[in-house]
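Here is a short briefing on a two-chain model. Look over the sequence and the fold before reading on.

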Amino acid sequence: MTLEIDFEFKNFSTVQVSVKEHVGLIRIQGTDTSNLINELMAAELKEVIKSFDDNPEVRVIVLSSKGSNFSAGSALENPFSRVDLDSHRIASHVANARKITIASLRGKVLDQGMELALACDIRFASTETNFGLTHVKSGCIPWDGGTQRLTRAIGPSRALYLMLTGAKINEIQALEYGLVSGTTSEVHDEQLSLEFGSIVANHGPVAVQYLKEAVNSGSDLSIEDGMRLELDLATLLHSTNDRAEGLRAFAEKRKPKFKGD
Amino acid sequence: MPLRRKGSRSLKVTDKSVIYSKQGSIATIQLNRPESINAITQSMRDLIYDALMAYSHDEEAKACIIYGAGERGFCSGADLIEFGKTRSQTESRAIRKRRDLWGLLSQIEKPLIAAVHGYVIGAGLEITSLCDIRVASEDAVFGMPEVAHGFIPGAGGTQSFPRAIGKTHAMKQFLSDRSDRMTAQRAFELGLIHKMVSIDVLLKTAFNLAEEIVVTDLEVLTAMKTAVLDGWYMPMTLGLNLEKRLIGNIKPNN
């Protein structure tokens with residue numbers, strides 16, 4: 001898929017950024033093939049995520065990588081040596097994006113790379129992808145949200161097994177565990193993610209953001225409180241032009257044209 | 001505890017778009033607007049509400065099967081034509097609060113069994129996700145198309161569906177388009193569906209499950225649902241206390 005770039009962003013050194021038809025694409029690009037995440041990459045990722053989140057032209061964010069690995073982890077050799085781990089943390093910034101984030105995964109998805117992937121809403125992986133949180137092998141625990149997000153994604157039993165042993169799993173097992181939403185062998189993972197991204201970009205933009213809020217905030221609530229949140233968000237949507245357009249398009253049997261208002 | 005009242009409430013309605021009936025201790029709710037694949041209208045919402053209240057109040061009834069009439073499917077969702085005619089935000093919220101069908105469905109303490117076939121879309125899938133036991137025929141297809149229409153699921157789907165199959169798979173389904181609906185086989189693999197059978201025996205399978213359930217005392221069934229569903233949101237120690245308290249309330253059966 002060739003990328004026509006609607007507008008150029010300033011040149012970052014660790015991330016490559018483009019937007020096509022409302023799909024914002026971020027490719028992380030480390031200094032080596034393992035795509036290790038360093039302080040600069042964390043800072044640049046934060047900036048790009050924020051600018052995409054604030055830009056109405058962007059309706060969905062695809063997080064991918066240059067080269068054959070998504071990311072094998074952090075460039076930080078010893079997390080105990082640094083006081084300010086926060087400048088290396090990136091996962092919560094990604095997880096807090098209002099827009100849907102899709103992780104396009106291949107090769108090594110380890111340690112902080114895995115924690116970054118876990119912060120996304122949707123994960124697709126190609127064949128020969130390896131997942132793992134191997135911090136235990138260096139006497140540490142995950143420090144970019146992994147203990148919390150992996151447990152919520154696949155349940156405490158499988159999460160503890162993976163984190164206590166530092167075991168790696170492939171994409172087939174990741175699909176079974178519910179760690180990834182889909183795998184691909186025929187097409188490149190990035191293409192699958194971009195295709196799914198363009199489906200998401202065709203939906204009502206406000207509705208998609210509210211859906212994400214209802215699902216993510218609701219998962220920490222009792223079902224009663226979650227349903228109350230859903231009702232309030234659904235009622236708020238009554239006033240949008242997008243909803244009116246959606247219903248009009250349904251009645252006229254055509255595809256809706258959403259503007260995000 | 002379920003609301004208890006002597007005798008069952010009879011429904012005196014001429015609208016046949018929802019049919020409530022009972023055989024022994026097994027109640028059934030049939031969505032009956034097959035010409036529209038049982039798309040849920042406002043009056044159907046009220047009728048389902050009444051039917052669930054009747055089930056809840058009926059001391060004899062211990063299991064309820066929800067299913068759809070016609071060949072094309074269980075339910076194609078909310079009736080979007082009617083949807084377009086809704087009033088102001090405040091009014092529709094007030095109506096919802098007055099007769100909160102989806103809240104009732106999620107809080108009813110007696111077992112609910114969904115027996116679904118064909119199209120199980122939008123509100124159809126949301127009703128299914130709020131049931132405790134879910135049986136589907138092999139031809140069932142599941143979809144949540146709301147965001148493609150510019151709104152979000154409003155019958156509890158954003159809460160019940162991720163709880164049924166996990167957030168990873170639920171998010172993908174919410175954001176997919178109609179070309180990517182979930183098959184019965186996939187729904188079975190993900191745990192949305194507990195039994196997948198041929199369409200000829202769908203209702204029979206649901207009745208067999210209901211018959212297995214109704215041999216148990218009602219107070220045991222409601223205690224079980226309460227322990228699992230309420231306990232799920234509690235810290236472990238409080239959940240274990242809840243279980244102890246519920247066990248203590250059950251009278252030994254001789």
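Which residue of β9(A) does A125(A) stand opposite? A125(A) stands opposite T183(A) in β9(A). The model is predicted.

**Chain A overall**
- Chain A holds 10 helices and 9 strands.
- Its radius of gyration is 19 Å, close to the 18 Å that the globule rule gives for 261 residues, so chain A is as compact as a globular protein of that length.
- The C-alpha trace of chain A spans about 60 × 45 × 40 Å along its principal axes.
- Of the 261 residues in chain A, 49% are buried.
- Among contacts in chain A between residues at least 6 apart in sequence, 68% join residues at least 24 apart.

**Strand β6 of chain A**
- β6(A) is mostly covered, with 5 of its 5 residues buried.
- I122(A), F124(A) and S126(A) point one way from the strand, while R123(A) and A125(A) point the other way.
- Residues on both faces of β6(A) are buried, R123(A) and S126(A) among them.
- β4(A), residues 100–105, runs parallel to β6(A) and is joined to it by 4 bridges.
- Within that pairing, L105(A) has A125(A) as its bridge partner.
- β9(A), residues 182–184, also pairs with β6(A) in the parallel sense, over 3 bridges.
- An open sheet of 3 strands has the order β5-β7-β8 in chain A, with mixed pairing.
- β5 (108–110) and β8 (169–170) of chain A stand at the edges with a single partner strand each, so one side of each is left without a neighbour in the sheet.
- β7(A), residues 130–132, pairs with β8(A) in the antiparallel sense over 2 bridges.
- N130(A) stands opposite N170(A) in β8(A).

**Chain B overall**
- Chain B has 11 helices and 10 strands.
- Its radius of gyration is 18 Å, close to the 18 Å that the globule rule gives for 254 residues, so chain B is as compact as a globular protein of that length.
- The C-alpha atoms of chain B fill a box of roughly 55 × 45 × 45 Å along the principal axes.
- Buried residues account for 46% of the 254 in chain B.
- Of the contacts in chain B with a separation of 6 or more, 74% come from residues 24 or more positions apart.

**Domains of chain B**
- Chain B is divided into domain 1 (18–214) and domain 2 (218–249).
- The C-alpha centres of these two domains of chain B lie 25 Å apart.
- Their contact takes 6 residues from domain 1 of chain B and 5 residues from domain 2 of chain B.
- On the domain 1 side, the contact has 2 nonpolar, no polar and 4 charged residues.

**Strand β5 of chain B**
- β5(B), residues 112–116, is mostly covered: 5 of its 5 residues are buried.
- L112(B), A114(B) and V116(B) point one way, and I113(B) and A115(B) point the other way.
- β3(B), residues 63–68, pairs with β5(B) in the parallel sense over 4 bridges.
- In β5(B), L112(B) is the residue opposite C64(B).
- β7(B), residues 133–137, runs parallel to β5(B), and 4 bridges join the two strands.
- The bridge partner of A114(B) in β7(B) is R134(B).

**The largest nonpolar core**
- In soluble globular proteins, nonpolar side chains tend to be buried together.
- The largest nonpolar core here has 138 residues.
- I102(A), C64(B), I113(B), V120(B) and I152(B) touch the most other members of the core.
- α8(A) gives the largest share of this core, 7 residues.
- Beyond its neighbours within four places in sequence, I113(B) is in contact with A63(B), C64(B), I65(B), C131(B), I133(B), V135(B), A206(B), L209(B) and A210(B).

**Contact between the chains**
- The contact takes 44 residues from chain A and 35 residues from chain B.
- On chain A, the elements giving two or more residues are β6 (122–126), α7 (189–202), α8 (205–218), α9 (223–237) and α10 (241–251).
- α9(A) supplies the largest share of that side, 9 residues.
- By class, the side of chain A that touches chain B has 24 nonpolar, 14 polar and 6 charged residues.

How values were computed:
Residues are numbered from 1 along each chain as its sequence is written. Chains are lettered from A and ligands numbered from 1 in the order in which they are written. This is a predicted model: local features need pLDDT of at least 70, side-chain atom pairs count only at pLDDT 80 or more; totals for chains, interfaces and linings use all residues. Domain bounds come from an automatic or database domain assignment. Two residues are in contact if their C-beta atoms, placed from the backbone, lie within 7 Å. Ala, Val, Leu, Ile, Met, Phe, Trp, Tyr, Cys and Pro count as nonpolar, Asp, Glu, Lys and Arg as charged, and the others, Gly among them, as polar. Two strands pair if DSSP finds at least two bridges between them. A nonpolar core is a set of buried Ala, Val, Leu, Ile, Met, Phe, Trp, Tyr and Cys residues joined through C-beta atoms within 7 Å. A residue is buried if 20 or more other C-beta atoms lie within 10 Å of its own, exposed if 12 or fewer, and partly exposed in between; C-beta atoms are placed from the backbone. The radius of gyration is taken over C-alpha atoms; the globule rule is 2.2 Å times the number of residues to the power 0.38.
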